Amino acid sequence: MEGIVYNIQRYSIDDGPGVRTTVFLKGCPLSCLWCSNPESQNPLPEVTWRYTSCKKCGICVETCPLELIKLDEDGIHIDRKSCDRCGKCVEACVQEALQMSGKRMTVEEVYDVVKRDADYYKVSGGGLTCSGGELLMQADFVTELFKRCRGDEIHTCADTSGFGTKEAMEKVLVYTDLVYYDLKYIDSAEHKKNCGQSNELILSNLVLVVEKGIPMVIRVPLIPGYNDSDENLTAIAKTVAELDDGIPVNILPYHRYGENKYRMIDRKYQLEDVESPTEEELDKAKKIIESYGLKCEISK
Ligand code: SF4
Ligand code: SF4
């Protein structure tokens, strides 16, 4: 079985307990305005362009058999809709300014990388985290990968937006030890406006994870001016507390680390005027969550 993977990060310490390997999967049905991994959204491999490495030599322009690359004073522009991902431009660029983000890998190939650090997982309480993109888009692949881990007693964490079918979620949960579950809005219209999809599936899958009794952490990206209103944070806290007030909540402060990635795929970043939340704003959000009896931490 194959999946489409765009990064495998070893020695990760931010994607679950202990030292972990994080496998980033391509494809996400959401399009959150603040997404810091926009290259993950397209389910297929795609060419990325590092403008800081590009010498504007034009070799890629001449190489593309479909003549899809244009060069101007700003650099290159690719007609991505027509690109067939042949990779010839990537091979031709000696500056390595062009790269193919995402490649097909078998479960075995990915697991070969994951199991290399089994000793670290044992010592640190770590394991494998599958992230994205949205892992539910590749539920069969993730399930197989997690199954291998279960066989070797490697801890598994599913880092999910929760947007996927019930069947996909049920499948993945069979071999999942911990769920990192994103909650951005309770109001479905706001979710649709800023994340591209309504959130009914997310809320129903949330109930499903709680009913299965799988340990979980709710993660709330805090985006000033978008989802940091008292009303939204209260609704999130109330929803979680009513399900199980033992579920911890992590607040993820908005940052603009992903901004430059948009240019790499010819897209415009839309939140360029939004600043990270202040300490006071973070503290206020934390207090609202805690007022519902929930344990709340602010991630770095
Ligand atoms: S992307 Fe590479 S091949 Fe294309 S113009 Fe830039 S340096 Fe030259
Ligand atoms: S991957 Fe192939 S088709 Fe796509 S831009 Fe590069 S050379 Fe052209």
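How much area do domain 1 and domain 2 bury between them, and what share of it is on carbon and sulfur atoms? The two domains bury about 1000 Å², with 44% of that area on carbon and sulfur atoms. The model is predicted.

- The contact between them involves 9 residues of domain 1 and 13 residues of domain 2.

**The interface between domain 1 and domain 2**

- The size of an interface is often given as the accessible area lost when the parts come together.
- For domain 1 and domain 2 this figure is about 1000 Å².
- Of the area that domain 1 buries against domain 2, R263, M264 and D266 supply 56%, which is more than any other three residues.
- There are 2 salt bridges across the interface of domain 1 and domain 2.
- R80 and D266 form a salt bridge, with their closest N and O atoms 3.4 Å apart.
- Between domain 1 and domain 2 there are 8 residue pairs in polar contact.
- On the side of domain 1 that touches domain 2, helix α10 (residues 259-264) gives the most, with 3 residues.
- That side of domain 1 is made up of 4 charged, 3 nonpolar and 2 polar residues.

**The ligand shells**

- Ligand 1 is surrounded by 13 residues, and the closest are C54, K55, C57, C60 and C93.
- The shell around ligand 1 has 9 nonpolar, 2 polar and 2 charged residues.
- The residues around ligand 2 include the cysteines C64, C83, C86 and C89.
- Also around ligand 2 are V47, P65, L68, I69, I78, D84, R85 and G87.
- By class, the shell around ligand 2 has 9 nonpolar, 1 polar and 2 charged residues.

**Salt bridges in the whole structure**

- The whole structure has 20 salt bridges.
- One of them joins E144 and R148, whose closest N and O atoms are 3.9 Å apart.
- Both E144 and R148 belong to helix α5 (residues 139-151), where they are 4 residues apart, about one turn of the helix.

- Most residues other than glycine have a negative phi, and most peptide bonds are trans.
- Which form does the peptide bond from G132 to G133 take, cis or trans? The bond is cis, with omega near 10°.
- G133 lies in the loop between β8 (127-131) and α5.
- K56 is not a glycine, yet its phi is positive, at about 55°.
- K56 sits in the loop between β3 (46-49) and α1 (59-63).

Note on methods
Residues are numbered from 1 along each chain as its sequence is written. Chains are lettered from A and ligands numbered from 1 in the order in which they are written. This is a predicted model: local features need pLDDT of at least 70, side-chain atom pairs count only at pLDDT 80 or more; totals for chains, interfaces and linings use all residues. Side-chain values use heavy atoms; hydrogens and water are left out. Contact means heavy atoms within 4.5 Å. Buried area is the accessible area (1.4 Å probe) that two parts lose on being put together, summed over both. A salt bridge is a side-chain nitrogen of Lys or Arg within 4 Å of a carboxyl oxygen of Asp or Glu. A polar contact is a pair of N or O atoms within 3.5 Å; within protein, one must be able to donate a hydrogen and the other to accept it, and residues adjacent in sequence count only if both atoms are side-chain atoms. Helices (H or I, at least four residues) and strands (E, at least two) are DSSP runs, numbered from the N terminus. Ala, Val, Leu, Ile, Met, Phe, Trp, Tyr, Cys and Pro count as nonpolar, Asp, Glu, Lys and Arg as charged, and the others, Gly among them, as polar. A residue is near a molecule or strand if one of its heavy atoms lies within 4 Å of it.
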